[in-house]
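Reader: Before I ask about details, could you set the sequence and the model side by side for me?

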Amino acid sequence: MKLNHALLLLLLAFIWGASFLFMRVSVPSLGPAVLILGRVGSAALTLWIVAMLLKRKMPPVARWRHFLVIGLFNAALPFMLYAFAAQTVTASLLSILNATAPLWGTVITAVWFKQKVSAKVLVGLFVGLLGVAILVGFDPVMVDKHAYIAAAAAVCAAMSYGIGATYAQTAPKLSPEQNAHGCLWAASLWVLPLTWFMPINTPPSGLVVLNVLLLGIVCTAVAYLILFHLITEIGASSTLTVTFLIPVFGVLWGNVFLDEPIGFHTVIGAIVTLIGTALVTGFRLPLSKKQA
């Protein structure tokens, strides 16, 4: 892997790790629905502007059913679940639970396509769930009875990404940019009606508005552009490395900006969870000369 690719991976992890921080800051004022509508709406608008400036093809309207599916499972549903969870649990915990997405994706794909599940995958699934149990069971915030519901919502968000990844294997073949663009507009349509039932809690401050814009423009639109570039340059398997880097920055930002404690359960639980995910996905660091 070239130095510029490694730096882009670090930048992507840096950005996505911050997304949980921005949600934690903004959701008490805006509530989950308005926050996520601001996120996907500003991201979709940003990608539209980029597409216009670069003269890229727009997402084909004829594929609206496809976009509704990926918009639901790759954006609207997981984003809403994470925003709901962010009202109660820490950004650190959310970022680590998010790292289980490839684990669920591998398991869901195996079940959906009726593939044989190896002993290694089963062991990895057990280890990953053990890591989640350590994280949740020893987290001080779990004294709040609602915290378990929030943690379950975060796990379901990661599973939603797994469903979306499984669907993508049989989905219409479009460019990554078109998929991202269509996905975000569709996600906006999914979330918009929810704002009627989940209105703003308090008028947002300038800081909250800034956090929403950073969440949409940087953590979603810009991050997608970086992601697609990396997939094209180094392949999907190498780009998977970012999954293991996000918790590092998620925990760091939570500690620095929100004073979230880093306990022994955070470190041990994160390590165990990532080991389980690596076992399930068959992930290995891309260090061979062929990938240099």
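Reader: Is F257 buried or exposed?

Author: The model is a predicted one, in which local features need pLDDT of at least 70, side-chain atom pairs count only at pLDDT 80 or more, and totals for chains, interfaces and linings use all residues. Residues are numbered from 1 along each chain as its sequence is written, and side-chain values use heavy atoms, with hydrogens and water left out. Buried means under 20% relative accessible area, exposed over 50%, and partly exposed in between, with a 1.4 Å probe and protein chains only. Because its relative accessible area is 55%, F257 counts as exposed.

Reader: How many residues apart are W253 and F257 in helix α11?

Author: Helices here are DSSP runs of H or I with at least four residues, strands are runs of E with at least two, and both are numbered from the N terminus. W253 and F257 are separated by about one helical turn because, within helix α11, their spacing is 4 residues.

Reader: Which class of aromatic pair do W253 and F257 form?

Author: A pair of aromatic rings is described by the distance of the centres and the angle of the planes. Rings of Phe, Tyr and Trp (its six-membered ring) pair if their centres lie within 6.5 Å, and planes under 30 degrees apart count as stacked, over 60 as edge-to-face and the rest as tilted. For W253 and F257 the centres are 6.1 Å apart and the planes make 55 degrees, so the pair is tilted.

Reader: Is W253 buried or exposed?

Author: W253 and F249 both lie in helix α11, which spans residues 241–258. The relative accessibility of W253 is 13%, and therefore W253 counts as buried.

Reader: Which residues do ring pairs link into a cluster with F249?

Author: F249 has a relative accessibility of 16% and so counts as buried. Ring pairs join F249 into a cluster with F14, W253 and F257.

Reader: How many helices does the chain have?

Author: Read along the sequence, the pattern of the chain is α-α-α-α-α-α-α-α-α-α-α-α. The secondary structure holds 0 strands, and the number of helices is 12.
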